[in-house]
Amino acid sequence: ILEDYNIKVELTATTRGGFQRYHFPKTESAQILFDSKSTEEEPSTIIDAAINKVSDIELEGYVQREGGEGNEYTVHFGALLNRPLTSLGGVKGTTILNNTNEIKVTEDLDVGTFLKFDVNDDQTVLMQTAISYVSIDQARLNLITEMDDFDWSFDAAHNNARKVWNDLLGRIKVGKIKIPRALRAAVTLIESKDKQNLIVNDFIIYNGIIYNKQTHKQNHDCR
């Protein structure tokens with residue numbers, strides 16, 4: 001529940017898609033925000049981004065980012081709604097755009113769009129989305145392939161996601177791992193700067209391998 005707005009939001013997912021169900025209070029101006037500035041990894045900067053209104057029930061777009069030196073990639077997306085929106089607005093840097101069909105930037109600015117709905121008669125809005133690192137057409141194909149079977153049933157998509165996760169988790173086998181005595185005796189865990197590896201007294205755990213902190217020699221492979 002988004003308590004400040006009294007909006008109930010439910011989310012579920014497929015491999016490349018997302019299914020969202022919103023329950024709004026009665027209003028003529030319910031809104032859903034697409035925030036294209038939010039990133040998949042940090043730090044990153046926007047090189048190019050666009051969001052287009054295809055119809056009153058469909059959006060498409062992309063975000064091209066640089067996520068580090070030489071690491072450029074583009075995320076394409078498609079989105080479908082179960083009901084027509086009443087208008088589309090956008091954010092471009094510090095500028096608010098109203099009643100537009102396209103939002104585009106070619107530099108690292110805040111960028112997004114907000115979808116408006118009249119929910120006085122029906123307070124539920126459903127939205128399906130999918131992504132692709134290949135193209136918008138591929139994102140649209142992913143959306144059709146992964147969502148059509150649910151026939152706009154959020155509960156069916158949610159139950160499917162639970163089944164998929166249970167099947168995957170059911171493949172995991174739990175066993176014993178041999179850990180060096182010196183490591184078992186260590187009681188001080190200090191998180192290292194990059195937050196991916198641990199320093200344990202005189203040992204460093206890096207990518208699942210234990211090294212002596214002083215000599216940097218491999219001590220034990222616990223992968």
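This is a predicted model: local features need pLDDT of at least 70, side-chain atom pairs count only at pLDDT 80 or more; totals for chains, interfaces and linings use all residues.
Me: What do β1 and β2 form, and how many residues are between them?
Reply: β1 and β2 form a hairpin, with 3 residues between them. Strands here are DSSP runs of E, at least two residues long, while helices are runs of H or I of at least four, and both are numbered from the N terminus. Residues are numbered from 1 along each chain as its sequence is written, and side-chain values use heavy atoms, leaving out hydrogens and water.

Me: In which sense do β1 and β2 pair?
Reply: Antiparallel, over 6 bridges, with β2 covering residues 17–23. Two strands count as paired if DSSP finds at least two bridges between them. K8 stands opposite H23 in β2, and V9 has Y22 of β2 as its bridge partner.

Me: What's the strand order in the open sheet?
Reply: The 7 strands run β1-β2-β11-β6-β5-β4-β9, with antiparallel pairing. The edge strands are β1 (8–13) and β9 (102–105), each pairing on one side only. On average, neighbouring strands are turned by 15 degrees against each other, direction ignored. Axes are lines fitted to C-alpha atoms, for helices over the stretch in contact, and angles between N-to-C directions run from 0 to 180 degrees.

Me: Which strands does α1 touch?
Reply: α1 packs on the sheet and touches β2, β5, β6 and β11 (124–132), and its direction makes about 125 degrees with that of β11. Contact means heavy atoms within 4.5 Å.

Me: And where does α2 lie?
Reply: Helix α2 (residues 154–169) lies across β1 and β2, at about 50 degrees to β1.

Me: Switching topic: what's the volume of the largest pocket?
Reply: About 550 Å³. On a 1 Å grid over the protein atoms alone, a pocket is an open set of points with protein on both sides within 12 Å along at least five of seven lines, a cavity is a set where a 1.4 Å probe fits but cannot get out, and lining residues have an atom within 4 Å of a point. Points are joined across faces, edges and corners, and a volume is the space filled by probe spheres set on them.

Me: What about the second largest pocket, how much space lies in it?
Reply: About 250 Å³. β1 and α2 are the elements that give two or more residues to its lining, and α2 gives the most, with 6.

Me: How many cavities does the search find?
Reply: The search of the whole structure finds 1 cavity of 30 Å³ or more. The largest cavity has a volume of about 50 Å³, and β6 gives the most to its lining, with 4 residues. Residues lining the largest cavity include F77, L80 and R140.

Me: Last one: what's the mean pLDDT?
Reply: For the protein chain it's 83, and 78% of the residues reach 70 or more. pLDDT is the predictor's confidence in each residue, from 0 to 100. Over residues 185–201 the pLDDT is below 50, and over residues 215–223 pLDDT stays under 50.
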